Amino acid sequence: MNLIDIRNLSIELQTPTKSILAVDHVNLTMKEGEVRGLVGESGSGKSLLAQAIIGVLDEKWVVHVDRFHWRGQDLMRLSADERKAIISKDVAMIFQEPMACLDPTATIGEQLEEAVDTEQLTGFFWQKRQQRKLAAMNLLHKVGIKQHQACVKSFPHQLTDALCQRVMIAMALARRPILLIADEPTAAMESTNQGQIFRLLASLNQLKNMSILLISHDLENVTHWTNTITVMYSGQFVEAGTTEQIFNQPYHPYTRALVDSSPKASRMIPNKSRLMTLPGSIPILQHLPIGCRLGPRCPRAQQKCVHAPKVTNFHDHQVSCHFPLKDSYS
Amino acid sequence: MSDVLLKVINLSKSYQDKNYWFNRKSIIALEPLSFNIMAHKTLAIVGETGSGKSTLAKLLVGAELPTTGHIRLNGQTLAPGNFKQRCQHVRMIFQDSGTTLNPSLTIEQLLDEPLQLNTKLDETERHQLIRETLQKVGLLADHMSFYPHMFSGGQKQRISLARAIILQPQVIILDEALASLDPSLRSQMINLLLDLQQQMGLAFILISHNLGIVRHFSDEMMVLCKGKVLEYGKTTDILQKPKHKYTKKLIMSQRFQLLNH
């Protein structure tokens, strides 16, 4: 059974003059216990998509979706409050820049205790206070912080970036979520610390069977940790498939360019040679091209590309392109 | 090709703690180090935060005064306070290019400033030079009358590159200049930098923590940790046979990116 199944999700930004389609008919499916990477450059709408899933977008964003199933249950048939109750119980999110997300005026302990779910506590208020402390301590142990005494008493600025991110993950775990959305959890972090956070997420996925939606702007960073990957460009769905399919045999010219453009992926290339790259830059939201938004930059673009392509499926490898690169691999 | 462009001898930096009159402590940010760079070559500096790599960049560009040691460019010593001489030849590009451009000036005014301060060209010559430099970094001459906020992140990075190369420098320091760019723009930028290195014979000092870029881009590399030089040598040698434990750890943490499954 699919954990989450989203079809044709669009997000429109309402401005006084016109409405802008920031996310254009994106599909996303996740199975239980899966780690899915959501990859896209800046302005691809990946964070918007995550925010639309947990429902924190404000009124100026209008979300349309054809199908939004959560563990087989159709969420679009429920009222907004019921939907919110389900999502807030089962889905948790962590953000980039953990330091900025934590309250600088309260200690880690206070913030963690606040996050502990009241429903899990029993007894009188003095018993509850003890249980709350214990629960906060257990959460810290779960994310691999051994010196909980020191950590509980300290303020966010006294901890390192990686420790703060661990605390954020601990808070996200407080309600025992089934799906964790990690929005660039390791941006602006040292590579050794990045490894720590990714390893922690992977172990949570293995031990607690928690599904993770890992959002990143760099394809390279996530390939080691994900089972499946969805690629987005400028608000449009590009390609989805298993990590091996995306990385070794991408069907979409954009994914091909992403894989080829980074110097570390293709080890064969000689030192200081020119890298393969797409011309031009990412279109801004006010001036989006019609049809396939990659069109002006795409090396394979033809006249047909002024119409948005439909998603085609090759053995669970979905690609949205008129001229996929499928035939170039024999 | 064989002559040394930039020669750094025993350069070090330590800060004095001014709070205590007696028992004054000094913090060593950078222990004495020496290296040479030739024209057309790139030296990469790798290390974690607090390893002194930004201090080294500041010392080279002249923003900080070194405690010991001196820097020689083409055999000529760069005096610590002589900015006129230094900013002609050693230029720097920062990580966050958007914030280093003055938002109230147009691109022409931005690029005109270093020319007015450092050269004796008249107005038409300066205008011509700005036009040529913009074309060199892949922008149009029409962009001269634009303000910085009208550009995207990748274009801003190109403008700061234009500002760096407009004085025909010999050394450019890239302080994490590629880290904040999107992958497809980053590869464009790498191509552009490599082309400029070919054309103008620039020497780059690349400060980065992305070993993939370091491997592709640099000829020599230096691993810094807590102000000490752990390894210094050819990039391929160090990445293939790291000697120090710290370098091994650094490579291991990015190994999954380097090995390509």
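1. A:V23 lies in strand β2 (residues 19–31) of chain A; strands here are DSSP E runs of at least two residues, helices are H or I runs of at least four, and both are numbered from the N terminus. The model is a predicted one, in which local features need pLDDT of at least 70 and side-chain atom pairs count only at pLDDT 80 or more, while totals for chains, interfaces and linings use all residues. Residues are numbered from 1 along each chain as its sequence is written, and chains are lettered from A and ligands numbered from 1 in the order in which they are written.

2. Is A:V23 buried or exposed? A:V23 counts as buried because it has 24 C-beta neighbours inside 10 Å. The cut-offs are 20 or more other C-beta atoms within 10 Å for buried, 12 or fewer for exposed, and partly exposed in between, with C-beta atoms placed from the backbone. Neighbours within four places in sequence aside, A:V23 is in contact (C-beta atoms, placed from the backbone, within 7 Å) with A:L9, A:S10, A:I11, A:G45, A:L48, A:L49 and A:G235. A:M210 is 187 residues away along the chain, and its C-alpha atom is separated from that of A:V23 by 27 Å.

3. Beyond its neighbours within four places in sequence, A:A182 is in contact with A:I94, A:L201, A:I212, A:L213, A:L214 and A:I215.

4. Strand β3 (residues 42–46) of chain B is mostly covered, with five of its five residues buried. On one side of β3(B) these are B:T42, B:A44 and B:V46, and on the other B:L43 and B:I45. Strands pair if DSSP finds at least two bridges between them. β3(B) runs parallel to strand β8 (residues 203–207) of chain B, joined by four bridges, and B:T42 stands opposite B:F204 there. Four bridges also join β3(B) to strand β9 (residues 220–225) of chain B, again in parallel; in β9(B), B:V223 is the bridge partner of B:V46.

5. Chain B also has an open sheet of four strands, with antiparallel pairing in the order β2-β1-β4-β5. β2 (26–38) and β5 (76–77) of chain B are at the edges with a single partner strand each, so one side of each has no neighbour in the sheet. Five bridges pair strand β1 (residues 4–16) of chain B with strand β4 (residues 68–73) of chain B in the antiparallel sense; B:S12 has B:T68 as its bridge partner in β4(B).

6. Helix α1 (residues 53–61) of chain B has B:K53, B:T55, B:L56, B:A57, B:L59 and B:L60 buried. B:G62 follows α1(B) and has a positive phi, near 95°.

7. How many residues does each chain bring to the contact? Chain A brings 29 residues and chain B brings 28 residues. On the side of chain A that touches chain B, α8 (191–208), α9 (219–223) and α11 (253–261) of chain A each supply at least two residues.

8. The mean pLDDT of chain B (the predictor's confidence in each residue, from 0 to 100) is 82, and 96% of its residues reach 70 or more. For the complex, the predictor gives an ipTM of 0.74 and a pTM of 0.80.

Key:
Two residues are in contact if their C-beta atoms, placed from the backbone, lie within 7 Å.
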